[in-house]
Amino acid sequence: MLNLLFSLHVSPRPLTTSEIIDDPEIGYVGKKSATRDSRCRAFRRDRETLAGHGVHVCEVLPKSAGGVAANEESAWAIDRKRTHAALGVLSPYDAEEIVCAIDQIFELHADDPSLWPLQTARTKLCELAGRNPSSPKHPNEGRADLESIWNAFDRLKPVEFTYRDARGVEKKRLVDTYGMFTRGTHSYLVGFDHTAEDLRTFRTDRIIAAKHAPDTRSSYAIPAEFDVAGHQFLPFDFSRASAIPCTFTFPTGIADNELMLITQGRGELTGGDDLWTWDIAVRDLDAAASFALEYASLGMRASAPRELVERVRDRIEKAVSAHE
């Protein structure tokens, strides 16, 4: 059941019934004698059990061009609006420990807007622990501009802010925020830039000032096809060089969640009999070679172009020579 919950949580898209009940990593395959019907029943029982703990798994029906449900297999995803943690799941002692951990995170990363939703969880945990939820270490203390951005995002209102790019150029932006993520020590927001009339990614520490978004401003809707994973950075993105098409491979036995964590939903994954093929544009071949070696233990290999393969080989030879 935990494998099911983890797989649904990390997947950037709904998983089909077959992907769930036929995945050995989740655990429904089990005995060879287990039929598809029995695996489906076990999956249904697990959904009911998870719902009893506040985690609701909803059915997502594919739609045809006309908006009518197509005659295809259903897919499943966590209903994040209905999912919650019941207070009875934790003891007051456990709640106090989690509150202390959240406070430490807030103290270390006070300017990280992606952590602010933890404040809601913290308030609920304080209720269970029997302590006052007020704290001098508020997660957005000292950054009223970031608080304005978060409040606008929470209400789906466009926010106006002044942004200083990597070259030091300052411009005012009006942005519909679609999502946020953290990479390394920096946090980013992704949204529709009204000036550029396109999606843009902004580093939050480069936001100079932001204005409160008035309620009179028209709300926006986040497109159903938007996926913040497609806008996250990988180590080989940071270069001014032109992008080069590159290909990596993975063994078919690699777990889906491992594959998603490595690729971040970027590029194009193609499954074969023996290998997964990952095609993606790369700006820094040296960083791409290091990236391939970082996950070599999981079977990741650089396949093309030849220059990338040679840079991986050179790194291996240097590492071997250094230990001879």
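**Aromatic rings and what surrounds them**

User: What makes arginine 47 count as lying over the face of phenylalanine 43?

Analyst: Arginine 47 lies 4.5 Å from the ring centre of phenylalanine 43. A charge sits over a ring if NZ of Lys or CZ of Arg is within 6 Å of the ring centre and within 35 degrees of the ring normal, so 4.5 Å meets the distance limit. The charged end of arginine 47 also sits over the ring of tryptophan 76, at 4.0 Å from its centre.

User: Good to know! What kind of model is this, and how are residues numbered?

Analyst: It is a predicted model, where local features need pLDDT of at least 70 and side-chain atom pairs count only at pLDDT 80 or more, while totals for chains, interfaces and linings use all residues. Residues are numbered from 1 along each chain as its sequence is written, and side-chain values use heavy atoms, leaving out hydrogens and water.

User: Why is the aromatic pair of phenylalanine 236 and tryptophan 278 called tilted?

Analyst: Rings of Phe, Tyr and Trp (its six-membered ring) pair if their centres lie within 6.5 Å; planes under 30 degrees apart count as stacked, over 60 as edge-to-face and the rest as tilted. Here the centres are 6.4 Å apart and the planes make 55 degrees, so the rings pair and the class is tilted. This is one of 14 aromatic pairs in the structure.

User: What does that pair tie together?

Analyst: Phenylalanine 236 is in the loop between β8 (207-210) and β9 (244-251), and tryptophan 278 is in strand β11 (residues 275-282), so the pair ties together parts 42 residues apart in sequence. Strands (E, at least two residues) and helices (H or I, at least four) are DSSP runs, numbered from the N terminus.

User: Are phenylalanine 236 and tryptophan 278 buried or exposed?

Analyst: Buried means under 20% relative accessible area, exposed over 50%, partly exposed in between (1.4 Å probe, protein chains only). Phenylalanine 236 has 0% and tryptophan 278 has 0%, so both count as buried.

User: Why is phenylalanine 236 with phenylalanine 291 called edge-to-face?

Analyst: Their ring centres lie 5.6 Å apart and their planes stand at 90 degrees, so the pair is edge-to-face. Phenylalanine 291 belongs to helix α8 (residues 285-294), 55 residues from phenylalanine 236. Both rings belong to one aromatic cluster that also includes Phe248, Phe250, Trp278 and Tyr295.

User: Which parts do the buried residues of α8 pack against?

Analyst: They pack against β9, α7 (256-263), β11 and α9 (306-322), where contact means heavy atoms within 4.5 Å. Among the buried residues of α8 are Leu285, Ala288 and Phe291.
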